[in-house]
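Here is a short briefing on a predicted model. Have the sequence and structure open as you read.

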Protein chains: 2
Amino acid sequence: MKALVWDGDALTLRDRPDPSQSGNDAIVRVHLAGICNTDLEIVRGYMGFRGTPGHEIVGTVIAGPDAWLGARVVAEINFACGTCSMCRRDLGRHCPTRRVMGILDADGGFAEYVAVPLENLHRVPDSIADDQAVFVEPLAAAFEILAQLDVTRGQSCTVLGDGKLGLLAAQVLSSAGVRVRAVGKHPDKLAILARRDIETVLLEDWDREPAEIVVEATGSAAGFATAVASTLPRGTLVLKTTVAEQPGIDLAPIVINEINVLGSRCGLFPPALAALTSNSIDVKSLISETLPLKRSIDAFEVAQQRESLKVVIAVAD
Amino acid sequence: MKALVWDGDALTLRDRPDPSQSGNDAIVRVHLAGICNTDLEIVRGYMGFRGTPGHEIVGTVIAGPDAWLGARVVAEINFACGTCSMCRRDLGRHCPTRRVMGILDADGGFAEYVAVPLENLHRVPDSIADDQAVFVEPLAAAFEILAQLDVTRGQSCTVLGDGKLGLLAAQVLSSAGVRVRAVGKHPDKLAILARRDIETVLLEDWDREPAEIVVEATGSAAGFATAVASTLPRGTLVLKTTVAEQPGIDLAPIVINEINVLGSRCGLFPPALAALTSNSIDVKSLISETLPLKRSIDAFEVAQQRESLKVVIAVAD
């Protein structure tokens with residue numbers, strides 16, 4: 001099969017052996033795969049990953065148990081042991097021996113086929129198109145905020161960052177009744193939220209009024225200090241940005257204002273699938289470009305550009 | 001009256017005018033006042049405070065409404081407006097216009113007399129001796145953890161730091177049924193906890209096994225990274241240390257492991273008073289030395305020494 005491979009030095013499109021179905025795995029023929037910021041970090045050395053990246057996929061099961069054959073699916077990315085204390089609490093995404101599709105010890109979806117444990121698969125309802133389903137993984141990461149934090153209608157919330165995750169988090173929190181203000185640098189990206197009646201403001205015009213909930217999704221090292229300074233005392237700062245840099249950070253305001261800094265990463269898929277079924281979240285507008293697998297290296301170039309949102313690789317026609 | 005005064009350059013014992021009773025204040029004749037790490041930071045420039053420090057006091061009301069005259073009292077340190085949104089939520093300690101006794105725009109208790117708003121006073125039951133009551137403020141800061149965080153019996157908890165706050169936090173969490181392991185550098189300090197059947201371990205012998213709850217009370221910049229690394233995924237890191245330094249911090253593990261970093265500062269007094277009434281927390285063992293007000297500058301010297309725990313200034317005989 002054709003697969004994009006990161007060898008630690010370069011990203012190349014190669015012929016690789018098809019994955020063989022075994023045990024509790026299914027083989028998924030990939031339709032679409034989205035490029036995530038984590039993929040961009042991987043090709044800068046993050047996690048020391050080697051192999052085929054790609055963890056936002058939608059595809060069709062072509063090998064595995066009869067019950068799954070032909071199913072259109074999305075796949076949770078953490079391949080967990082199923083037996084440890086984290087897994088028993090339904091927190092397989094924190095299983096200490098997990099593999100992670102396209103990120104840690106498991107090939108991902110920038111390839112014609114990918115092997116996925118059956119327990120990680122979710123069927124995609126017919127009402128959800130492929131170009132929506134490819135957002136289930138990042139949308140689940142946005143819904144993770146609601147899984148971690150009890151929000152109440154009318155709470156004030158500032159979402160910092162108008163990248164992909166910021167736009168999804170703003171919509172998710174708004175759909176939960178939170179009064180969201182999205183702060184960003186890109187009028188065209190913020191416009192996606194404004195069309196959903198979410199308040200938006202350009203960073204240069206922002207009054208920095210503190211909010212009860214602040215979501216840090218800027219992807220920049222400087223965002224954290226801004227987020228701390230704009231969280232009300234006893235408020236919650238949801239930290240979505242992972243930056244490899246080691247910023248100089250003043251922790252004192254976190255203590256003085258008793259801020260709750262909540263690290264937030266992957267989420268379970270059902271809430272994201274439900275939201276796409278009810279069409280309550282606009283994901284299609286986040287697609288900047290769709291390129292075929294043979295142009296996947298170009299796709300990475302496009303995804304690195306500051307003005308880009310989601311770049312999707314169309315693996316199968 | 002005699003009062004210790006920090007003028008931004010030096011700490012001196014001076015004659016100052018007695019505070020005059022007015023409005024809603026009471027005048028408290030101070031019996032004992034404890035030196036807190038915040039006081040040591042104030043004389044290094046923290047908060048830009050000028051005046052008489054001291055925010056851990058027990059004393060007797062000598063001027064004010066008849067109902068309070070002669071009462072032995074302790075005093076909550078945040079002098080709040082009483083009307084803002086924080087105050088209406090019983091969070092006057094986060095009132096944006098608050099003064100703070102001995103820390104911000106209000107003289108404190110290293111003096112013969114101090115003025116305190118009536119709503120900040122709590123009567124001290126007869127069963128609590130002065131040398132216990134002087135710990136109500138720091139003990140309330142330890143109980144604040146339980147006000148912010150729902151703990152369950154048997155949860156694992158590591159308390160990092162065997163200073164005053166660490167020793168109080170370890171006892172408070174243990175009294176709530178949490179399985180506490182206290183990690184410190186001082187066998188004699190840890191022995192105070194061992195006598196209360198709390199597991200202790202020297203830092204050099206600690207296996208760094210992660211826990212569900214980690215309390216960072218080391219007072220050092222390096223403590224935060226250690227705390228992050230020893231918090232289980234989805235666990236809570238209670239941050240008590242305020243350090244003026246700007247450490248290089250890697251925030252990525254907070255996101256990856258979805259750690260909840262909970263800044264924690266002052267607490268309300270009733271739980272601390274109740275614990276001292278039931279004698280469930282040993283505070284007296286934390287007193288390293290008690291010195292009279294005329295030796296208060298020496299007392300600050302003693303408090304700075306690494307082996308010291310609480311240094312108490314005996315203001316009145």
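The points below cover the sheet and the cysteines.

This is a predicted model, where local features need pLDDT of at least 70, side-chain atom pairs count only at pLDDT 80 or more, and totals for chains, interfaces and linings use all residues. Residues are numbered from 1 along each chain as its sequence is written, chains are lettered from A and ligands numbered from 1 in the order in which they are written, and side-chain values use heavy atoms, with hydrogens and water left out.

**Sheet**

- An open sheet is formed by 12 strands, with mixed pairing.
- Its order is S13(A)-S12(A)-S11(A)-S14(A)-S15(A)-S16(A)-S16(B)-S15(B)-S14(B)-S11(B)-S12(B)-S13(B).
- Strands are DSSP runs (E, at least two residues), numbered from the N terminus; two strands pair if DSSP finds at least two bridges between them.
- The edges are strand S13 (199–202) of chain A and strand S13 (199–202) of chain B, each pairing on one side only.
- From one strand to the next, the twist averages 20 degrees (axes are lines fitted to C-alpha atoms; angles run from 0 to 180 degrees between N-to-C directions).
- In chain B, strand S12 (residues 179–184) pairs with S13(B) in the parallel sense, over 4 bridges.
- B:Val183 sits opposite B:Val201 of S13(B).

**Cysteines**

- Over all chains there are 0 disulfides (pairs of cysteine sulfur atoms within 2.5 Å).
- A:Cys84 is in no disulfide; its nearest cysteine sulfur belongs to A:Cys87, 3.7 Å away.
- A:Cys84 counts as buried, at 18% relative accessibility (buried is under 20% relative accessible area, with a 1.4 Å probe and protein chains only).
- B:Cys84 is in no disulfide either; the nearest cysteine sulfur, from B:Cys87, is 3.7 Å away.
- B:Cys84 is buried, with a relative accessible area of 18%.

Notes
Buried < 20%, exposed > 50% of the residue type's maximum accessible area, 1.4 Å probe, protein only.
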